[in-house]
Amino acid sequence: MASSAQVPNLFGSATSAPPPTPAAHHDNIMSSSDAADALSCLLHRLPPTLSLPTRLPSPSSAAATSPPSLSLNDVFSCVSKLGYAQLTDHSVPSELANSAESEALALFDLSKEQKNSLFPKNWPLGYGGDDEDEDELAESFRFDSACSTESNELALFSLRKFARELEMLGLKIVDGLTKDLGCENPLGDDPTRFCSVLWVSESLSGNKSGGFYPFVIGLQYQIRNQKYSLLSDSGWVSVLPHVDSILVTVGDIAQVWSNGKLKKVRGRPMATVGDENGSRCITMSLLITLPTDSRVAPLLPKATCNKEQKEEEVDEESNDGGEELEKRVFNSFDFEDYAWRVYHERIIFKDPLDRYRVA
């Protein structure tokens, strides 16, 4: 992974002395009133459309808004325009979420040797952060839905049950989204067609991230009043979900599946933490994602072919007996190559899907 580098001196390697102060001559110096008149005259000559640039607000300084609420019956209508919403009618108990958070917090108190031995890196799973090659990144633990570890003595019962509850909920949302899109759910009931990653990450001031990974749907339980920053297609937004709700985010894979109809959120929600906050804050995000050998492509509706149509005239990508009814927005691509690039390059400001858009 790329390590942080020192910012180079853009003005040369050596620091030069400032230019000498011109000699003061009384007849060349304007009075303060004359200088103010000259400046006012200059500003009035500027074109009326010219204005000084405004400072862009940071994600942490933006006013937080409550995400729109959704139910499992109207998933598509709520998330298609924004890429995120909050789910209030769910069956995940608050007691389970709190117990899972307690287990997760204890993991960060382990020694560095224990973290590396109990949670060896098996990309994208394992322990990450606090290393020389991951400078300035938040510590994180990435689990499968079973929360597997290298020790039988480390039983993460609550964390495992919490991950499974979120996984089942996420699969229902995926099914609802694909039905609303008029397409067959590519995951179906086959557990080999999807993977789940429970991403437990500490939250640091400055919105430092613990990495990105492609996903279909992301879910994050709101245990307490906590503001989050999201990088949506329209830019940074600050949200404050209701306590005991689940923040649902649409990922890049879902946007490709929808052929651009769904808006997305890049990466996971990042908790807004100030430097004055001395208490530890973590996030627990469940990502519904794909196996590394998957192929990602738009799920385009098909038209039924005429019986007289010759089989050899059917396009290879429409070999299910139909042809595409709408223009393709994204080209298909290998998930593993895309995931590796997104994770290691940590592209934030440039949409990593741009290279796959149809020109």
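A: Let's settle the strand terms before anything else: two strands pair if DSSP finds at least two bridges between them. Helices (H or I, at least four residues) and strands (E, at least two) are DSSP runs, numbered from the N terminus. Residues are numbered from 1 along each chain as its sequence is written. Bear in mind that this is a predicted model, where local features need pLDDT of at least 70, side-chain atom pairs count only at pLDDT 80 or more, and totals for chains, interfaces and linings use all residues, while side-chain values use heavy atoms, with hydrogens and water left out.

Now the strands. S5 (residues 195-202) runs antiparallel to strand S4 (residues 140-143), and four bridges join them; here Phe141 stands opposite Val200 in S5. S5 also runs antiparallel to strand S11 (residues 282-289), this time with eight bridges, and Leu198 faces Leu286 in S11. S5 is mostly covered, with seven of its eight residues buried (buried is under 20% relative accessible area, exposed over 50%, partly exposed in between, using a 1.4 Å probe and protein chains only).

On to Trp199. The charged end of Arg142 sits over its ring, 5.4 Å from the centre, and Arg268 lies over the face of Trp199 too, at 4.3 Å from the ring centre. For a charge to count as over a ring, NZ of Lys or CZ of Arg must be within 6 Å of the ring centre and within 35 degrees of the ring normal.

Trp199 also belongs to a cluster: ring pairs link it with Trp123, Tyr213, Phe335, Trp340 and Tyr343. Rings of Phe, Tyr and Trp (its six-membered ring) pair if their centres lie within 6.5 Å; planes under 30 degrees apart are stacked, over 60 edge-to-face, and the rest tilted. Searching the whole structure this way turns up 14 aromatic pairs.

Take Trp123 and Trp340: their ring centres are 4.9 Å apart and their planes at 70°, so this pair is edge-to-face. Trp123 lies in the loop between helix H4 (112-118) and strand S3 (126-128), and Trp340 in helix H7 (residues 335-345), so the pair ties together parts that are 217 residues apart in sequence. Trp123 is partly exposed at 23% relative accessible area, and Trp340 is partly exposed at 46%.

Another pair is Phe333 with Tyr338, whose ring centres are 5.1 Å apart and planes at 50°, so it counts as tilted. Phe333 is buried, at 3% relative accessible area, and Tyr338 is buried at 0%.
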